[in-house]
Amino acid sequence: MASTTPTQMDTAPPVVSGARSTGRAGDKIFSGLSKGSGILLLTIMASIAVFLTYRATLALSENEGNFLTTFDWNATGNPPVFGIAVLLYGTVVSSIIAMVIAVPIAVGIALFISHYAPRKLAGPLAYVVDLLAAVPSIVYGIWGALFLVPYLGGLTSWLNQYLSFTYIFDKTQVGVDRSLFTVGILLAIMILPIVTSVSREVFLQVPRMNEEAALALGATRWEVIRMSVLPFGRSGVISASMLGLGRALGETMAVATVLSPSFLISGHLLDPGGGTFAQNIAAKFDEANEFGRDALIASGLVLFLLTLLVNGAARMIIARRKEYSGANA
Amino acid sequence: MSHALQDPRPVKPRSSAPSSLTRGGLPRWAPAAIAALSALLGAGIGAVAGLESRMQWGLIAALLFVGITYTASSVVENRRQAKDRVATSLVWVCFLLAVVPLLSLLGVTIARGIKVLDGYFLSHSMAGVAGFAPGGGVYHALLGTIEQVLLATAIAAPIGLLTAVYLVEYGRGRLAKAVTFFVDVMTGIPSIVAGLFILTTWTLMLEQGPSGFAGSLALSILMMPVVVRSTEEMLKLVPNELREASLALGVPKWRTILKVVLPTAIGGISTGVMLAVARIAGETAPIMLLVFGNPLINDNPFEGAQSSLPLYIWEQYKVGSEDSFDRAWAAALVLIAFVMILNLVARGIARWKAPKTGR
């Protein structure tokens with residue numbers, strides 16, 4: 001997309017750029033303080049990476065298994081054997097399930113609020129969706145474990161009955177639905193608000209001209225959305241989904257309460273078992289000695305890098321989008 | 001804000017020979033009638049086939065509604081109108097799907113939490129109460145949450161505020177860009193990673209025991225980027241004329257910021273801080289790693305293990321008896337109420353002290 005030229009950058013910020021510091025002590029102290037806090041934030045981010053890496057290397061040097069391919073987590077044993085294969089698989093799979101469920105619904109809700117809902121209702125409705133984000137994750141967790149899991153029995157046995165030929169919906173173990181699939185559904189509910197609110201903002205930025213032009217050509221409301229709203233909002237929806245993905249990857253308590261963990265990789269999504277990075281840290285922390293903690297920190301480092309990558313990519317897309325739409329405003 | 005598009009509804013034919021432009025459309029009451037019809041049919045089919053779950057009745061009715069609408073519309077109107085109507089009903093379904101879990105969650109929490117929630121529950125700790133036995137309360141956890149959250153706010157709010165001031169009032173060039181980008185990325189840090197970071201530095205390197213303060217440090221890391229973001233938005237809303245007027249009177253820049261810019265935006269800033277507080281009040285993972293949990297009342301956040309509401313819920317859930325589940329639900333209700341009250345107060349402040357732009 002169009003990149004901003006230096007001259008645009010200079011005029012854009014709403015600051016009196018001509019105001020030179022007069023050399024008064026107060027000015028120096030205050031600007032120093034505010035600059036210092038900015039630098040402090042950067043330092044925190046950097047030291048998170050540095051300290052986690054340092055502790056992780058301590059653990060990895062003692063590891064008897066292969067960190068990437070071992071299907072076990074026995075960091076307190078002698079010799080210690082641990083690997084992230086199962087955790088990586090479980091984290092990615094449950095997040096993908098969450099995305100597949102949440103993104104289409106979130107786009108629908110965003111369209112509903114921006115284009116379908118009666119004008120007076122749109123504000124309150126947006127607030128209701130934001131309330132979903134205010135509920136703490138541990139509450140989602142016990143709701144998922146004590147209420148959702150028993151209720152999903154009907155759905156999972158139906159999936160198993162009619163879709164077991166797809167392999168992923170083949171339920172091979174009898175038992176409660178504390179599976180990656182259930183975790184995915186719960187994560188989908190939890191990331192709905194963020195995906196919805198970012199998509200909604202983008203849909204509201206669609207130039208009125210484009211929509212009115214489509215309407216003037218006789219398009220129906222759906223055709224307006226398909227031809228002018230969705231193409232304009234595509235990159236916004238992509239970055240919104242990635243922000244949601246970042247949330248889903250790092251979710252701890254909801255997964256720890258719902259999933260019954262095991263160190264196996266299974267393609268059967270409905271079978272209980274599996275694990276995620278955050279869930280494993282929460283579950284193994286209590287019984288870990290100092291070395292076990294270092295091993296958990298190593299897995300936390302992988303999670304940190306994973307979310308950093310996803311969030312960074314999402315923010316880059318949004319930043320590009322901003323420049324683009326700003327040039328067209 | 002939003003702009004609902006008006007459906008271009010074809011006009012009823014007046015002449016005897018309808019052209020393609022003026023063909024008949026479905027009457028206005030058609031969607032309601034079809035909805036009623038499919039609800040009836042769905043209930044009928046469900047009852048006859050002996051399906052127990054009401055969800056299945058609803059699903060059948062929804063499918064029937066979409067099918068009947070499509071057929072009716074494509075017969076009376078045309079394919080494009082039919083597609084439009086199907087899209088409309090799908091968007092409605094999406095919205096209803098989002099409301100169902102929210103209502104269910106609130107309903108279940110209230111229904112099950114109200115059982116043991118009373119004055120005794122709020123004013124007693126878990127001292128001497130076995131996990132599987134009835135009784136006990138949440139006072140120690142509530143106290144811990146409030147202390148930890150206040151400490152975290154005391155750390156994160158000034159730093160976040162100053163960073164936002166830097167970004168809006170002073171920030172130029174590469175450093176400002178880097179700060180903006182990493183603040184954004186920092187919003188996405190999983191709470192358990194923030195907990196692990198404080199664990200490596202505070203607990204393992206400085207060899208401090210578990211305390212409420214350690215938890216507050218982790219919470220403040222989660223809180224800072226949220227405060228920066230919302231404060232930045234608010235400071236950008238302050239009209240430049242105010243700054244210029246103050247500077248023209250010879251007021252130094254730092255006093256302009258302190259006496260003119262920040263007071264103008266104070267409503268929005270405090271709203272942002274309170275929303276951030278509401279967000280961190282429900283964090284469990286870092287508390288679990290750093291504060292450890294304690295069934296007794298410990299009102300000193302700087303020494304010894306404390307408890308907190310989210311951690312209390314998690315502990316009671318892990319015990320796994322009916323009585324502990326009751327306590328978990330009641331604590332969840334207290335936590336939700338706490339967060340929602342913060343949310344409402346924050347929005348109240350935002351409305352009460354809306355940016356005074358017109359002065």
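What is the handedness of the crossing in which α2(A) passes α6(B)? That crossing is left-handed, where left-handed says that the near helix is turned anticlockwise from the far one by less than a right angle, and right-handed that it is turned clockwise.

Before going further, a word on what you are looking at. This is a predicted model, in which local features need pLDDT of at least 70 and side-chain atom pairs count only at pLDDT 80 or more, while totals for chains, interfaces and linings use all residues. Residues are numbered from 1 along each chain as its sequence is written, and chains are lettered from A and ligands numbered from 1 in the order in which they are written.

## Where the chains meet

Let us start with the contact between the two chains. On the chain B side 83 residues are in contact with 84 residues of chain A; two residues are in contact if their C-beta atoms, placed from the backbone, lie within 7 Å. Helix α3 (residues 79-113) of chain B supplies the largest share of the chain B side, 19 residues. Helices here are DSSP runs of H or I with at least four residues, strands are runs of E with at least two, and both are numbered from the N terminus. By class, the side of chain B that touches chain A has 58 nonpolar, 14 polar and eleven charged residues. In this scheme Ala, Val, Leu, Ile, Met, Phe, Trp, Tyr, Cys and Pro count as nonpolar, Asp, Glu, Lys and Arg as charged, and the others, Gly among them, as polar.

## Two helix pairs

Two packed helices are described by the angle between their axes and the distance between the axes. The table sets out one pair across the chains and one inside chain A. Axes are lines fitted to C-alpha atoms, for helices over the stretch in contact, and angles run from 0 to 180 degrees between N-to-C directions.

| Helix pair | Axes come within | Crossing angle |
|---|---|---|
| α2 (residues 25-62) of chain A and α6 (residues 173-187) of chain B | 10 Å | roughly 50° |
| α4 (residues 119-134) of chain A and α7 (residues 180-204) of chain A | 8 Å | roughly 140° |

With axes crossing at roughly 50°, α2(A) is oblique to α6(B). Angles under 35 degrees count as roughly parallel, over 145 as roughly antiparallel, 65 to 115 as roughly perpendicular and the rest as oblique. In this pair Gly38(A), Leu41(A), Leu42(A) and Met45(A) meet a set of α6(B) residues that includes Leu175(B), Phe182(B) and Met186(B). The contact holds nine nonpolar residues, one polar and no charged ones.

For the pair inside chain A, the crossing at roughly 140° makes α4(A) oblique to α7(A). The crossing of α4(A) and α7(A) is left-handed. Among the residues that meet are Ala126(A), Val129(A) and Asp130(A) from α4(A), and Leu192(A), Pro193(A) and Arg200(A) from α7(A). This contact divides into seven nonpolar, two polar and two charged residues.

## Chain A as a whole

Chain A has twelve helices and two strands, in the order α-α-β-β-α-α-α-α-α-α-α-α-α-α along the sequence. Its C-alpha atoms fill a box of roughly 65 × 65 × 30 Å along the principal axes. Of its 329 residues, 48% count as buried, that is, with 20 or more other C-beta atoms within 10 Å of their own; 12 or fewer make a residue exposed, and values in between partly exposed, with C-beta atoms placed from the backbone. Among contacts in chain A with a separation of 6 or more, 74% join residues 24 or more positions apart.

Gly233(A), in helix α9 (residues 221-250) of chain A, is buried, with 25 C-beta neighbours inside 10 Å. Beyond its neighbours within four places in sequence, Gly233(A) is in contact with Ser199(A), Val202(A), Phe203(A) and Val206(A). Its C-alpha atom is separated by 8.5 Å from that of Gln205(A), 28 residues apart along the chain.

The domain assignment, which is automatic or from a database, gives chain B domain 1 (30-113) and domain 2 (139-352).

Two loop residues of chain B deserve a look. Glu207(B), between α7 (191-205) and α8 (212-237), has a positive phi near 55° without being glycine, and is exposed, with 7 other C-beta atoms within 10 Å. Phe292(B), between α11 (285-290) and α12 (309-319), has a positive phi near 85°, also as a residue other than glycine, and is partly exposed, with 19 C-beta neighbours inside 10 Å.
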